[in-house]
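Subject: Structure handover

Hello,

Please find the structure below, followed by notes on what came out of it.

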Amino acid sequence: MAVHAHPDDESSKGAATMAKYVSEGVDVLVVTCTGGERGSILNPKLQGDKYVEEHIHEVRKKEMDEAREILGVKQEWLGFVDSGLPEGDPLPPLPEGCFALEDVDKAAGELVRKIRSFRPQVITTYDENGGYPHPDHIMTHKISMVAFEGAADTEKYPESEFGPAFQSQKLYYNQGFNRPRTEALHHAMLDRGLESPYADWLKRWDEFERAERTLTTHVPCADFYEIRDKALIAHATQIDPEGGWFRVPMELQKEVWPTEEYELAKSLVDTSLPEDDLFAGIRDNA
């Protein structure tokens, strides 16, 4: 189960990993916490399109349907309302009724229902910083942590209301946007005389003094990068197909960095680090 904040997050974070596991017969469910109603239209080709602006929720739902089919995953909505990304100094208050202002335990109960129904051995989500500090990403982290434990807690979440208890065995944080990968691709582009799209990324990394994460798990999935990109492009309101996401040649990506990275946050099975499989320790005990 991959728990994400908005439609498009599943295609930019761990998509190749999911496609790889689907190809192996693994049942994969994406849980999308919000409908992305307050997301900006980031593709310049669609900016100013009145239909898209007035029907953004329906448009993003259709984009999610297309991406789901491309990845071969199942997908369900948690049903919360996008909080938007507040900007300004000071930051404005979050809109009433948005996901980030929900009671954490109550919101986690909706994810508990999904976990108990789907019964995933492995869950992926965001770290405590949300991957980046969007309020919905941080809230996604919070409810994922509560739900991982709560799905097995019949006192907090009674079976009569939330379904039969279930305990997932491992929980990971997505860490695909990590510095080692970014630097490797950046230098590989420069070495080949190509313009790198990552110069500004690395500069901002230094400015924000972003703490490095522990990359425990590197999943080989380069054969599924094309599927990842196709799914991402399906989110047309969010992704410019001629933008920076796609400036690194595919063969260079596969050669220089053929994995997607995760940070093991919780495990109820014995495993040795580093791993190359989210099911490490689970397959051994099957």
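A polar contact is a pair of N or O atoms within 3.5 Å; within protein, one atom must be able to donate a hydrogen and the other to accept it, and residues adjacent in sequence count only if both atoms are side-chain atoms. The model is predicted, so local features need pLDDT of at least 70 and side-chain atom pairs count only at pLDDT 80 or more, while totals for chains, interfaces and linings use all residues. Residues are numbered from 1 along each chain as its sequence is written, and side-chain values use heavy atoms, with hydrogens and water left out.

Ser 196

The side chain of Ser 196 reaches the backbone nitrogen of Tyr 198 at 3.0 Å. Ser 196 sits in the loop between helix H8 (179-191) and helix H9 (199-208); helices (H or I, at least four residues) and strands (E, at least two) are DSSP runs, numbered from the N terminus. Its relative accessible area is 12%, so Ser 196 is buried (buried means under 20% relative accessible area, exposed over 50%, partly exposed in between, with a 1.4 Å probe and protein chains only). Leaving aside neighbours within four places in sequence, Ser 196 is in contact (heavy atoms within 4.5 Å) with His 186, Met 189 and Leu 190.

Annotated site

The unreviewed UniProt entry places the feature "binding site" at His 6, Asp 9 and His 137. UniProt positions are given in the numbering used here, feature names are shortened, and annotations may be inferred rather than shown by experiment. These residues are spread over 132 residues of sequence but cluster in space, with a largest C-alpha distance of 9.7 Å.

His 6 lies in the loop between strand E1 (2-4) and helix H1 (9-12) and is buried at 6% relative accessibility. Not counting residues up to four places away in sequence, His 6 touches Thr 32, Thr 34, Gly 36, Arg 60, Asp 82, His 134, Asp 136 and His 137. Asp 9 is in helix H1 and is buried too, with a relative accessible area of 4%.

Why is helix H2 described as largely enclosed by the rest of the structure? Because 7 of the 9 residues of H2 (residues 15-23) are buried. They are Ala 15, Ala 16, Thr 17, Met 18, Ala 19, Lys 20 and Tyr 21. H2 is followed by Gly 25, whose phi is positive, near 95°.

Grid points are joined across faces, edges and corners, and a volume is the space filled by probe spheres set on the points.

The second largest pocket holds about 290 Å³. Of its 21 lining residues, Met 1, Val 26, Val 28, Val 122 and Phe 279 are the closest to its centre. H2 gives the largest share of this lining, 3 residues.

Cavity

The whole structure has 1 cavity of 30 Å³ or more. The largest cavity has a volume of about 70 Å³. It is lined by 11 residues, of which Phe 177, Asn 178, Arg 179, Glu 212 and Arg 213 are the closest to its centre.

Regards

Conventions
On a 1 Å grid over the protein atoms alone, a cavity is a set of points where a 1.4 Å probe fits but cannot get out, and a pocket is an open set with protein on both sides within 12 Å along at least five of seven lines; lining residues have an atom within 4 Å of a point.
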